[in-house]
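Here are some notes to read beside the model.

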Amino acid sequence: MGDLLLAYQSLIAFVGINGLLALSVYATLCCGQLSLANAGFMAIGAYTGALITLKAPGVPFIAVLAASTLAPAIVAVPLGLPVLRLRGVFLAIATVGFGEVVRLFFVNWDYTNGALGLVAIPQRTHLWSIALALALALYLLGRLRGSRTGTALEAIREDETAARTMGIYTTGHKLAMLVLGAGLAGLAGAL
């Protein structure tokens, strides 16, 4: 069993990381918004984690993960305010554009070694940390689903105009879910 785990360790890690990324997409989908910016948020989290690990090697891994989760969540707030007014295909196109802007930013930034990327990043991620992050994200989203906020998100997903008429603050809920999805994507990028 140990040899099997050693042979497929990277595959299991990538499945867990991609599961975390899928949950970040689900966070925005649960309120009826198709945001495709999660790849850009994941890149922000990955570069944040890698730069902190390379430039400040004494920083604890949990602090690196926290910073990598917080950075894309902060970026999601000014992005979400104008973009979440869009619906359907227009929202998807705008968020794909954001992902492209993030890619071009990191490719053209000399601090990240441009198109060559960062090299010799020490690996601090273990399978248990990926499994723990995935379990915590599943727990958080599961608890959210059965809550009053989860009911409001379902109402927004079904009919946003009716939900707004019933007194649900739709912009705040959609922005909160975009920020949550961005944070999860950043965590996946850091891992």
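1. A cavity is a set of grid points where a 1.4 Å probe fits but cannot get out, and its lining residues have an atom within 4 Å of a point. The model here is predicted. By this rule there is one cavity of 30 Å³ or more, and the space in the largest cavity comes to about 30 Å³.

2. Which residues line the largest cavity? They are Ser35, Ala37, Phe41, Leu79, Val83, Leu84, Leu91, Thr95 and Leu178. The helices α4 and α5 (89-108) each give two or more residues to this lining. By class, the lining holds seven nonpolar and two polar residues, and no charged ones.

3. The chain as a whole has nine helices and zero strands. The C-alpha trace spans about 55 × 45 × 25 Å along its principal axes.

4. Of the 191 residues, 40% count as buried. Among contacts between residues at least 6 apart in sequence, 78% join residues at least 24 apart.

5. In soluble globular proteins, nonpolar side chains tend to be buried together. In this model the largest nonpolar core has 25 residues, and the members that touch the most others are Leu20, Leu65, Leu153, Met177, Leu187 and Leu191. Two or more residues of this core come from each of α2 (9-29), α4 (61-83), α6 (127-145), α7 (148-158) and α9 (170-190). A second, separate core has 16 residues, including Leu79, Phe106, Leu175 and Ala182. Leu79 is also one of the residues that line the largest cavity.

6. Leaving aside neighbours within four places in sequence, Leu187 is in contact with Leu20, Leu65, Ser68, Thr69 and Ala133. Leu20 and Leu65 are, like Leu187, among the core members that touch the most others.

7. Where does the largest pocket lie, and what surrounds its centre? Of the 23 residues in its lining, Ile17, Gln123, Thr125, Ala190 and Leu191 lie nearest the centre. The volume of this pocket is about 490 Å³. At least two lining residues come from each of α2, α3 (38-55), α4, α6 and α9, and α2 gives the most, with five. The lining has 14 nonpolar, eight polar and one charged residues.

8. The second largest pocket holds about 350 Å³ of space. It is lined by 15 residues, and those nearest its centre are Ile62, Leu65, Ala133, Leu136 and Leu187. Here the helices that give two or more residues are α4, α6 and α9, with the largest share, six residues, coming from α6. The lining of the second largest pocket has 12 nonpolar and three polar residues, and no charged ones.

9. One link between these points can be checked on the structure. Leu65 and Leu187 lie among the residues nearest the centre of the second largest pocket, and both are also members of the largest nonpolar core. Leu191 belongs to that core too, and is one of the residues nearest the centre of the largest pocket.

Conventions: Residues numbered from 1 in each chain as written. Predicted model: local features only at pLDDT ≥ 70, side-chain atom pairs only at ≥ 80, totals over all residues. Heavy atoms only, no water. Core = buried A, V, L, I, M, F, W, Y, C linked by side-chain atoms within 4.5 Å. Buried < 20%, exposed > 50% of the residue type's maximum accessible area, 1.4 Å probe, protein only. Helix = DSSP H or I, 4+ residues; strand = E, 2+ residues; numbered from the N terminus. Contact = heavy atoms within 4.5 Å. 1 Å grid on protein atoms, 1.4 Å probe; cavity = no way out; pocket = protein on both sides within 12 Å on 5 of 7 lines; lining within 4 Å. Points joined across faces, edges and corners; volume = space filled by probe spheres on them. Nonpolar A, V, L, I, M, F, W, Y, C, P; charged D, E, K, R; others polar.
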